[in-house]
Amino acid sequence: MKNILITGGAGYIGSHTAVQLVEAGYNPIIIDDLSNSEEKVLDRLEDIIGKRLTFYKGDCSDRGLLDQIATEHELAGVIHFAAFKAVGESTKQPLKYYQNNLGSLVALLDFMKAKQIKDLVFSSSCTVYGQPEQLPVTEATPRQDAESPYGNTKKICEDILVDFVKSQAGIRVISLRYFNPVGAHPSGKIGELPIGTPANLVPFVTQTAAGIREKLTIFGDDYDTIDGSCVRDFIHVMDLADAHVKALDYLKEQQEDFYDVFNVGTGNGNTVLEVIRTFEKVNRVKVNFEIGARRPGDIVKIWADTTKINAILHWYPSYSLEDSLRDSWNWQKTL
């Protein structure tokens, strides 16, 4: 079994990807500083996959720790999830985001070159498109000025990766531009577990429905959309996890000094209000919400053109929005 290092592997997307990697015959090795996750996720992963995954607590920019991992395990590739990701927080603390998100990637690439680890799948984001002039966005859609420091870190990280590949570092890289991950593992054993105030919509919805939060605030209802709320492309986290496995498999077939980028979304856009109504319908539960002011850094609408990932990686989403919101609620009820 090929060992794959997953940075941020105890987090939301990382933990689901670990499950998919095991099912595909890989052996995930997790490094996570647990700044936005909990170690008990490892117990839940063990329940799902039937074995304990190797875990290192620490920062992926810690070269000493990375060297230790490489000494103890022969690494065939890396999936780099670890990053700060709250759009709102990034507008208030930009330096925190630049230091962490850029610094960790640079440290990781330096490590990979030294250890001759060739394959990297990087967590990028549809935020690199800013507010696009045309929809849906393809991988060839020009990247706009980022609407937030978080989005800008993803844009700069992509540039770093392009330059690194051009330097003939002997590396093969795919950047996956995620749209909006939602849902949870169908078992209900793992899901999105934000520490403190959630940064994403669906945990706010589930926590409000569960009575943990009094109400949900929708940031603006006066946008140019069907109901005035923002439009996003919501993709089930298991589909997103599957895209990482397919990206790794594809990289193995490529020559050194390879770089490509893929959108990972459903190809459909839904408004925030549609998500809430769909959640209420499939789970037969009410969500108390109010309309608030617009939030700095938010774009109005975006959804993916998935033609490229369908054709090249042979990846297609398997889960619907209804599936995602049902799984999210089932996960919330286990907490």
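This is a predicted model: local features need pLDDT of at least 70, side-chain atom pairs count only at pLDDT 80 or more; totals for chains, interfaces and linings use all residues.
## Strand β5 and its neighbours

Strand β4 (residues 75–80) runs parallel to β5 and is joined to it by 4 bridges; strands here are DSSP E runs of at least two residues and helices are H or I runs of at least four, numbered from the N terminus. Pairing requires at least two DSSP bridges between two strands.

Residues are numbered from 1 along each chain as its sequence is written, and side-chain values use heavy atoms, with hydrogens and water left out.

## Burial of β5

In β5 (residues 119–125), 7 of 7 residues are buried, meaning under 20% relative accessible area with a 1.4 Å probe, protein chains only. In a regular strand, side chains alternate between the two faces of the sheet. Here D119, V121, S123 and S125 point one way, and L120, F122 and S124 the other.

## Helix α6

The 18 residues of α6 should span 26 Å at 1.5 Å a residue, and the end C-alpha atoms are 26 Å apart, which agrees; the expected span is 1.5 Å times one less than the number of residues.

Buried residues of α6 include Y150, C157, L161, F164 and V165. Among the elements covering the buried residues of α6 are α5 (94–115), β5 and β6, where contact means heavy atoms within 4.5 Å. Q168, which follows α6, has a positive phi near 60°.

How values were computed
Buried means under 20% relative accessible area, exposed over 50%, partly exposed in between (1.4 Å probe, protein chains only).
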